[in-house]
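Visitor: I am new to this structure. Could you take me through it in short steps?

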Amino acid sequence: MAVSYMDFTSPSVQFTFDLNNNQFFKKDNRNYINALSVNQLNTLGNVSLLDIFLSTGNVVEPHIHQNASELVYCISGAAIVSLINPFTKELRNFPIQPGQVANVPQGWWHYEMATADNTHLLAIFDAPIPEFIPASDMLRLTPANVFAHTYCLNEAKVKDTLAPITNTVVIGPPSDCAPEQGHNKRAAAPAYPNQAHYYQGQGHVQRQTFAPPQQQPYIGNGWGYGY
């Protein structure tokens, strides 16, 4: 539904927009996100979208949209949409391929990982501008001693583990990720259930073996909150 106060006789009314002109985040030439909100197309009502491109093993980092639900549609490639159901306390993994969707209710913790190269996802939101709280911001901005005290952890180890997270990640792993170097050691593959297949509905998708993606330097500096 278009906004009711829109003057459709105004010369400033917008009916079309090229998403290629609003790159929201770019990790490299194979991993980037374009965005469309009411800021780009003023006739939009309660809808917006992210146009997401990923190569194998790249992840739209864990996050929540506190003001919107998200419908993830797979255009090409393949991905696993993972979410935590706050009512059942379950981690659910939903593999999607072209023509399939996964829905994330408003405010639920979730992330998406590409399981094939040239993965193209369309994330559709029921808000004119979807809001976003990423795990990287919560981890890097919460003092290590708070984590240590709250969860009875070793503060020095917490601080050392989280030290490499200096910016909002958006698409991980970061371009400068060095899995074998000291405290930068990170898992090369996600921690999914140790099963031969991931199940969705009546079908299944065989689990992929993830190889480290080709990395390029960052372009940009984290999530653009005003997109």
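Visitor: Is D117 buried, partly exposed or exposed?

Guide: This is a predicted model, where local features need pLDDT of at least 70, side-chain atom pairs count only at pLDDT 80 or more, and totals for chains, interfaces and linings use all residues. Residues are numbered from 1 along each chain as its sequence is written, and side-chain values use heavy atoms, with hydrogens and water left out. Buried means under 20% relative accessible area, exposed over 50%, and partly exposed in between (1.4 Å probe, protein chains only). D117 has a relative accessible area of 39%, so D117 is partly exposed.

Visitor: Which side chain meets that of D117 in a salt bridge?

Guide: Side chains of opposite charge can pair when their charged atoms come close. A salt bridge here is a side-chain nitrogen of Lys or Arg within 4 Å of a carboxyl oxygen of Asp or Glu. At 3.7 Å, N to O, the partner of D117 is R30.

Visitor: How many residues apart are R30 and D117?

Guide: R30 sits in the loop between β1 (23-28) and β2 (31-36). D117 sits in the loop between β9 (110-114) and β10 (119-125). Strands (E, at least two residues) and helices (H or I, at least four) are DSSP runs, numbered from the N terminus. The pair links distant parts of the chain, and the separation is 87 residues.

Visitor: Is D137 buried or exposed?

Guide: R140 counts as partly exposed, at 30% relative accessibility. D137 has a relative accessibility of 10%, so D137 counts as buried.

Visitor: Which elements give two or more residues to the lining of the second largest cavity?

Guide: A cavity is a set of points, on a 1 Å grid over the protein atoms alone, where a 1.4 Å probe fits but cannot get out; lining residues have an atom within 4 Å of a point. Of the 10 lining residues, the closest to the centre are L50, I52, V60, H63 and E70. The elements giving two or more are β3 (48-54) and β4 (59-64).

Visitor: Which residue has its backbone oxygen 2.6 Å from a polar atom of the T43 side chain?

Guide: T43 lies in the loop between β2 and β3. T43 is buried, with a relative accessible area of 14%. The backbone oxygen at 2.6 Å belongs to Q14.

Note on methods: 1 Å grid on protein atoms, 1.4 Å probe; cavity = no way out; pocket = protein on both sides within 12 Å on 5 of 7 lines; lining within 4 Å. Polar contact = N/O pair within 3.5 Å; in protein donor to acceptor, adjacent residues only side chain to side chain.
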